[in-house]
Amino acid sequence: MTYVIVGSCIKDDACIEVCPVDCIHPRPGAPDFETAEQLYIDPQECIDCDACVEACPVDAIFADFETPEKYGYALELNEQFFKEASTIERTAA
Amino acid sequence: MAGVGPRVAIVGAGPAGAFAAACLLRACGNAEIDLFERLPTPWGLLRGGVAPDHQEIKRLDDAFDRQTLRRGCRFFGNVQVGVDVSHAELMRHYSAVIYATGAQTDKSLGIAGEDLPGSWAATEFVAWYNGHPDYRELQFDLSARRAVVIGNGNVAADVVRMLTLSAAELERTDVADHALEALRESRIEEVIVLGRRGPAQAAFTSTELRELGALDGVDTRVDPDDLVLDAVSQHWLAEQGTFTARKNVELLREFAARPARPDARRRIELRFLSSPVQIRGSARVDAIDVRRNEIVRADDGSLRARAVDGDIETIDCGLVLRSVGYRAVPLPDVPFDERHFVLPNERGRVLTPAGEPLHGVYAVGWIKRGPTGILGTNKRDAEETVSRLVEDLDAAALPQPPNPEREQIDALLAERKPDLITVEGWRAIDGHELESGRNAERPRVKLASREELLVAAGVAQQR
């Protein structure tokens with residue numbers, strides 16, 4: 001499984017601060033941070049620790065199998081972000 | 001004075017002010033912070049801007065409460081700095097003042113007919129449906145069949161949803177009662193949304209756009225011809241387009257490919273490359289004239305809309321909401337940058353017209369950087385400003401106010417504002433609204449007039 005971030009994300013970076021494996025992007029200061037409409041969890045890296053869920057002030061993070069139906073798009077969206085956004089860009093910062 | 005932290009006034013208890021207070025308390029645990037707010041209630045656009053059907057975002061008020069008011073930060077509501085208490089007076093009572101007043105007005109289109117009855121700033125409609133006490137008396141005529149929304153940002157998306165949600169859906173939100181009543185009677189069947197630039201440049205987030213396409217009983221249409229991208233946009237999308245821009249184009253293509261739904265309760269039509277040229281009507285709005293644009297690359301590399309010569313289309317409508325951006329207004333007795341509509345500042349330190357730091361005066365949020373970004377953007381913005389304040393504190397560069405005791409500002413406020421709302425008053429309002437909400441099976445029932453709010457806070461008598 002993995003955790004996913006849904007569209008009600010406000011880009012508070014509380015989740016990034018607590019993620020032990022740095023799998024939430026883009027990070028403040030990264031070239032694509034300002035233009036990103038939300039943060040995304042890399043499903044390849046997420047270790048399902050739950051820390052981000054606790055930290056999120058607007059409850060925008062769910063375990064993939066518990067994601068409410070209206071956010072059904074979110075798992076694919078999180079995956080796509082990491083496939084489509086350039087990793088070089090993200091790690092350059 | 002060991003153990004006594006800096007006394008800081010934050011002007012404006014919206015998200016920027018709240019993030020600044022929370023951040024300052026993290027950086028400097030003994031800071032004594034007073035949050036000044038013009039309204040009787042805190043949290044600014046979280047309460048008065050975020051759409052009522054986005055309750056999950058409004059939940060941020062818990063974090064604000066926990067990180068500020070529950071940590072000893074005081075709330076001074078119903079006090080207008082510059083009117084009830086001056087900047088100079090604040091400087092006599094605090095070692096630092098952080099302005100977090102946001103952007104309180106809207107940009108205009110600058111076209112004929114904009115001032116006709118029936119033509120509004122979307123922000124006025126937003127404040128009205130969210131129960132902002134200064135907007136309660138506005139009368140939106142929702143008796144026409146068609147409304148036109150100008151703009152392609154998230155405020156535009158919010159007002160489009162509010163015009164198209166069903167009464168049953170609205171009843172599950174904390175939309176203000178006066179707005180719920182009016183929206184229930186609304187005869188609007190179609191909302192046309194005009195974007196100046198093309199689908200690739202639309203400022204919607206993909207989340208907001210997806211929502212517009214997923215409304216129950218609403219047929220959301222896009223003309224497939226509008227989605228044929230010009231060469232400039234195609235190149236831009238492939239080379240520089242953001243993830244959001246690519247998602248938006250993908251979603252719009254999905255909308256365009258859907259079969260029409262003649263049985264739908266309401267329709268939304270998204271039109272691109274369209275600019276309003278004038279609003280028509282004698283006594284009130286009857287129609288809007290729209291011209292066609294094309295995308296061109298400007299000298300600075302940005303993509304701009306340029307008018308195409310040709311026919312002007314007239315769209316009949318009875319309501320026009322323009323959503324083309326917020327704008328800040330100058331504050332009494334502090335410098336203002338009239339070109340960028342912000343307090344002139346260097347990473348949050350407010351500057352004099354000569355470019356020197358104005359000691360002890362800071363800015364955060366929209367009044368600092370202009371009306372950009374989303375809620376969380378204010379957190380980083382607050383960190384930047386608070387870092388400057390803490391640097392100045394450590395360098396002993398903050399002014400020494402002549403009246404630094406809490407009791408001194410309390411006495412001044414007691415004299416000027418007998419109907420001051422403190423945290424207890426706000427808790428009484430909040431408790432009242434939440435309880436009414438529980439009884440009505442709604443998240444909250446807002447008190448939407450200043451009088452009701454003051455009575456609930458226990459600082460005024462019912463008339």
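In chain B, S119(B) has V320(B) as its bridge partner in β15(B). This is a predicted model, so please keep that in mind throughout. That pair belongs to the link between β6(B) and β15, residues 319-322 of chain B, where 3 bridges join the two strands and the run is parallel.

Now the sheet around that pair. It is an open sheet of 6 strands with parallel pairing, and the order is β6-β15-β7-β8-β10-β9 in chain B. Which strands stand at the edges? They are β6, 119-121, and β9, 218-222, of chain B. Each has a single partner strand, so one side of each has no neighbour in the sheet. From one strand to the next, the twist averages 20°.

Next, two helices on these strands. Helix α6 of chain B, residues 122-129, lies across β6, β7 and β15 of chain B, and runs at about 75° to β6(B). Helix α7 of chain B, residues 154-164, lies across β7, β8, β9, β10 and β15 of chain B. Its angle to β8(B) is about 170°.

On to the domains. Chain B is assigned domain 1, made of 7-104 + 328-420, and domain 2, 107-325. Their C-alpha centres are 33 Å apart. Domain 1 of chain B puts 9 residues into the contact and domain 2 of chain B puts in 15. On the domain 1 side, those residues are 4 nonpolar, 3 polar and 2 charged.

Conventions. Residues numbered from 1 in each chain as written. Chains lettered and ligands numbered in written order. Predicted model: local features only at pLDDT ≥ 70, side-chain atom pairs only at ≥ 80, totals over all residues. Domains from an automatic or database assignment. Contact = placed C-beta atoms within 7 Å. Nonpolar A, V, L, I, M, F, W, Y, C, P; charged D, E, K, R; others polar. Pairing = 2+ DSSP bridges. Helix = DSSP H or I, 4+ residues; strand = E, 2+ residues; numbered from the N terminus. Axes fitted to C-alpha atoms, helices over the stretch in contact; angles between N-to-C directions.
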